[in-house]
Amino acid sequence: MTAVRDRGRGSRRDEVPAPSAGRRRAAMAGALIAAFGGFAGFNLLLGAMPAYAVRSGAGPSGAGALTATMMAATLVVQPFTPWLFARLGQRYSLALSGALLGLPCLVLPAVSTLPVLTGLVAVRGLGFGMFVVAGVTLTAELFPSGSRGRAIGWYGAVVGVAGVLGAPLGVALARREAYPFAFALAAGTAALVLAGSFGLPRATGPARPAGPRSGGPHAVRGTWRLLRPMTGPLLVETASTTAYGVVFTFLPLTASAAPRALFAAQAATVLSRLGAGWLIDRHGGRPVLLPAALLTALGTAAGVASGAPALLLTGAALFGAGFGAVQSATLVLALRAAGDRPGGLGVAGVAWNIAFDGGTGIGSLAGGPLLSLGGPAALFPATAAVLVVLLLLDLCTTHRTDSRNFGSPGEK
């Protein structure tokens, strides 16, 4: 699905003509409709499924395992998405992802055992993995690097609005045990992904897949050369989404004010994505990343204030503001590290999404045992500390790289 597709080991590359302005607007509209639907359903069930698992007798660890299973399935499929996009084209790949997200929701009300729930969640994870890579890659391809921060900001704002509506609603419906209604809503939001896919162009003809199997060892070495400059931002991204997985999976189990807190976090994320996009295009990703990551860590640590609603809401707002800016900054830094080279945007999009989903899965899986052992006082500060440590590691790595390349142009 990349705008320039590398089709072999050597220098044989095929450039796909840039879309017209009308097709670009239609594609972006379709991507935004699909983004709202996919992420609304994702956040809805992210808020509802932990309580559904606990009610089914799985306990906190089982609740975390469901989210981790979805993220694991997402991670499994993402490296193969470039191959799939080349085979099916943008429209049919996005439509397939919507079907995989929505169909399991029709079955969920009829099951409650953990193994069956895990299997259905895994199917949704496959669809979600295809869906998120498609959205990020398409947005990156439609806009040049000088305006990419704002484009990603708008895409992220739509994702944030979906979270504002989806996550607190999922928690509220779970507390009323209105699970069939929650699952029906999730299926309906997946239908928006199908609707959005019609805004994307049809596949114009068969394409040789540029997936992980093409090129052998040469492709592996080339991919690693693309990934190496973006490892620092990807580590920070992984740590921030670990915090996201912890906050959104376990705060509903530890704080009565969780619906309001999650709403505050998602609302702050929307505003942050828009503001961060403008700042990134103006000043670069690096000046935005440091304060954003520190705000995210501070907001995560505030999860200990389960008995102080005002402090919890303030912390959640700080978390959302920092988290939204971290998402935009790390994605722009990863895309810039790819250098707009053939295949680079696709690699950066896949790697960033793997970092996002891997971190969410780590937080959801590791958070359950830590919550059982030490309670909120151990879970939330420890998660914040991980983010600070990886941020410092990124800063040290960047400083050493800048020292070796003193005088050469770099990211602002």
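**Reading the values in a predicted helical chain**

Of the 412 residues of the chain, 53% count as buried, where buried means under 20% relative accessible area, exposed over 50% and partly exposed in between (1.4 Å probe, protein chains only). This is a predicted model, in which local features need pLDDT of at least 70, side-chain atom pairs count only at pLDDT 80 or more, and totals for chains, interfaces and linings use all residues. Residues are numbered from 1 along each chain as its sequence is written, and side-chain values use heavy atoms, with hydrogens and water left out.

Student: How do you know that the span of helix α8 agrees with its number of residues?

Tutor: Helices (H or I, at least four residues) and strands (E, at least two) are DSSP runs, numbered from the N terminus. The expected span is 1.5 Å times one less than the number of residues. For the 24 residues of α8 (residues 231-254) that gives 34 Å, and the end C-alpha atoms are 34 Å apart, so the two agree.

Student: What makes α8 mostly covered?

Tutor: Of its 24 residues, 20 are buried.

Student: Why is Arg55 with Glu177 called a salt bridge?

Tutor: The term requires a side-chain nitrogen of Lys or Arg within 4 Å of a carboxyl oxygen of Asp or Glu. The closest N and O atoms of Arg55 and Glu177 are 3.7 Å apart, so the pair qualifies. This pair links distant parts of the chain, 122 residues apart: Arg55 is in helix α1 (residues 21-55), and Glu177 in the loop between α5 (148-175) and α6 (179-197).

Student: Why are Arg55 and Glu177 called partly exposed?

Tutor: Arg55 has a relative accessible area of 45% and Glu177 stands at 48%; both values therefore fall in the partly exposed range.

Student: Why is Leu290 called partly exposed?

Tutor: Leu290, in helix α10, has 35% relative accessibility, and therefore counts as partly exposed.
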